Amino acid sequence: MLTITRELRDAIVAHARADHPDEACGVVAGPAGTDRPERFIPMLNAARSPTFYEFDSQDLLKLYRDMDDRDEEPVVVYHSHTATEAYPSRTDVSYASEPNAHYVLVSTAEGTGPEDPYQFRSFRIVDGVITEEDVTVVEA
């Protein structure tokens with residue numbers, strides 16, 4: 001199960017909406033070994049595409065060095081889908097290289113319903129196997 005603060009959930013959704021119609025992507029880092037998302041790190045979608053996201057390799061290297069210096073790890077790896085549901089594509093699965101991370105997808109596609117103007121879902125992806133998990137949103 002992913003437990004995330006309302007503030008972090010809202011920041012991820014805001015980033016997804018701001019980058020629409022392109023996919024947004026980023027990381028929420030947390031103290032190593034805690035599974036606690038704490039530091040929101042929006043990244044640039046180097047692909048600048050509405051159907052694909054890609055972390056810039058130099059930005060990713062800087063991010064991992066910074067997390068290492070802070071004794072952090074990627075707790076959440078997120079991106080958005082702009083025209084489809086919030087479910088990992090084959091490409092998303094092939095990019096999932098952090099077996100302990102929560103892979104969050106936000107759909108900014110129209111028609112998700114007036115009660116839920118976006119979809120926010122979390123998955124574990126290990127060895128190509130997708131497992132959806134519950135998301136609990138808590139106050140800070």
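Colleague: Where does alanine 16 lie?

Modeller: Alanine 16 is in helix α1, residues 6-19 (helices are DSSP runs of H or I, at least four residues, strands are E runs of at least two, both numbered from the N terminus). Bear in mind this is a predicted model: local features need pLDDT of at least 70, side-chain atom pairs count only at pLDDT 80 or more, and totals for chains, interfaces and linings use all residues. Residues are numbered from 1 along each chain as its sequence is written, and side-chain values use heavy atoms, with hydrogens and water left out.

Colleague: Is alanine 16 buried or exposed?

Modeller: Buried, because its relative accessibility is 2% (buried means under 20% relative accessible area, exposed over 50%, partly exposed in between, with a 1.4 Å probe and protein chains only).

Colleague: And what is alanine 16 in contact with?

Modeller: Leaving aside neighbours within four places in sequence, Ala24, Ser80, Val106 and Thr108 (contact is heavy atoms within 4.5 Å).

Colleague: What about phi of aspartate 35?

Modeller: Near 60 degrees, so positive in a non-glycine residue. Aspartate 35 is in the loop between β2 and β3, and counts as partly exposed at 35% relative accessibility.

Colleague: Why is arginine 48 called exposed?

Modeller: Because its relative accessible area is 54%. Arginine 48 also has a positive phi, about 45 degrees, in the loop between β3 and α2.
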